[in-house]
Amino acid sequence: MTKKSNPKKENSNNYDILLNRRKEWRLDIPISATVKGKLPTGKNFSEKTKINNISSGGAYLGLDAGITVDTKLMLFIEIPSKLTDGKKTKLSLSGHTVRIEKAEKKDKKNNVAVRFDKEYKFLD
Amino acid sequence: MGKNNTQASGKKIKVLIFSTSDLILAGILNALEKGPEIEIIGIEKSTIDSLLSAIKTKKPDVILFSNSDPLPNIKEICKAIKDITGDQKKSKLMLIGNIPPQEEIVGLMNAGVRGYFDLNEPSGQLADATRSIFKEEIWLPRDKMSSIMDRIISVVGRDLKEKTLDQLTPTEFKVLRHIGQGKSNEEIAVDMFISKNTVRSHIKSIYAKLGTHSRLQLALYAINSALF
């Protein structure tokens, strides 16, 4: 049986893929964070890194860990002490990787885009 | 100057053309013949997807995008091209068509367009426009430049205002800081000696001013404000 192409899709020039627009502003602030997750080998990892930008929908960060797309990650962001009057508080967010951009050079980190799940919590 | 530099270095400007109209395409090709340092490396006539693939593989210096009919989602297309060329850091996009209203041009420039070549401009200028775009300059019809710049300045000014937290009242700012500490509405009410309803009212106002409905986004704004 031959596979028929979808005429609607053809006519629309696949513009649908271009309509994914951000709902929230991204904050381009480098924030220190600890990222935890599982490598494809099943081994757990924990890595300190900088988040390049973040919004309530997701974040873009650098990671050494060789993870793949759709890996579940936990991000722990230390809230600046200026905001918490010295009290140590962390913002914990969970999400899944949606895009991995391999590092161009060996000593550079891979760039990882993470989409957050709905849950987040503050940890003392 | 750029022309001489390009010629002197022997490097040609690699141009990729997208046009759904054969007639306009013929005009573009004819006009670009006047630029010997311009090399047409590809012509796409069918779909945006094929154009995006061609940009990825051919890595052009300049993309000339012409569509015979106005596209309602042209801004999204430009953003998609920008996303691809952003990685390459070299391909510049110029639209060719009937010049749209200035508001739309500002939106398009924001979406990554580096130039707009009006079909009413002398065709001989298309090669100049292509060279200008290649040199990372902006090409817009001269008679529209002034009003477009005014519009850009006003939009940039508005965005800057929107992106800062200056619009919040001191009380709203305090509420935002509490949210950034992970406090619930009840805890904020106790800390600030106000009712829960008042806290809700402040949060509603902050949501409106910062253009969000996400408590997490407010927490991120608070973190942002504490970092600077």
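Start by selecting chain A, which holds 2 helices and 6 strands. This is a predicted model, so treat the tour as a walk through computed features. Colour chain A by secondary structure and follow the sequence: the elements come in the order α-β-β-β-β-α-β-β. If you then switch to colouring by accessibility, 40% of the 124 residues of chain A count as buried.

**Stop 1: a charged patch on chain A**

Show the side chains of Lys36(A), Lys48(A), Lys88(A) and Lys90(A). Together these lysines make up a surface patch of positive charge. Centre on Lys48(A), which sits in strand β2, covering residues 44–54 of chain A. Is Lys48(A) buried or exposed? With a relative accessibility of 70%, Lys48(A) is exposed, because the cut-off for that label is over 50%.

**Stop 2: a covered strand in chain B**

Now move to chain B and select residues 62–66, which form strand β3. How many of its residues are buried? The count is 5 of 5, so the strand is mostly covered, buried being under 20% relative accessible area.

Select residues 13–19 of chain B for strand β1, which runs parallel to β3(B) and pairs with it over 5 bridges. Within that pairing, look for Ile17(B), whose bridge partner in β3(B) is Leu64(B). Then select residues 92–97 of chain B for strand β4, which also pairs with β3(B) in the parallel sense, over 5 bridges. Here Ser66(B) stands opposite Ile96(B) of β4(B).

**Stop 3: a nonpolar patch on chain B**

Show Leu29(B), Ile40(B) and Ile43(B) with a surface. They form a nonpolar surface patch, with about 190 Å² of accessible area together. Leu29(B) belongs to helix α2, residues 22–32 of chain B. The relative accessible area of Leu29(B) is 30%, so this leucine counts as partly exposed.

**Stop 4: helix α8 and the residue beyond**

Finish by selecting residues 170–180 of chain B, which form helix α8. Which residues of this helix are buried? They are Glu172(B), Val175(B), Leu176(B), His178(B), Ile179(B) and Gly180(B). Step just past the end of α8(B) to Gly182(B) and check its backbone: phi is positive there, at about 85°.

Conventions: Residues are numbered from 1 along each chain as its sequence is written. Chains are lettered from A and ligands numbered from 1 in the order in which they are written. This is a predicted model: local features need pLDDT of at least 70, side-chain atom pairs count only at pLDDT 80 or more; totals for chains, interfaces and linings use all residues. Side-chain values use heavy atoms; hydrogens and water are left out. Patches are made of residues with over 30% relative accessible area and no salt bridge: like charges are joined within 9 Å, nonpolar side chains (Val, Leu, Ile, Met, Phe, Trp, Tyr) within 5 Å. Accessible areas come from the Shrake-Rupley method with a 1.4 Å probe; for residues, only the protein chains shown count as cover. A salt bridge is a side-chain nitrogen of Lys or Arg within 4 Å of a carboxyl oxygen of Asp or Glu. Lys and Arg count as positive and Asp and Glu as negative; His and the chain ends are not counted. The place of a charge is taken as NZ of Lys, CZ of Arg, CG of Asp or CD of Glu. Helices (H or I, at least four residues) and strands (E, at least two) are DSSP runs, numbered from the N terminus. Buried means under 20% relative accessible area, exposed over 50%, partly exposed in between (1.4 Å probe, protein chains only). Two strands pair if DSSP finds at least two bridges between them.
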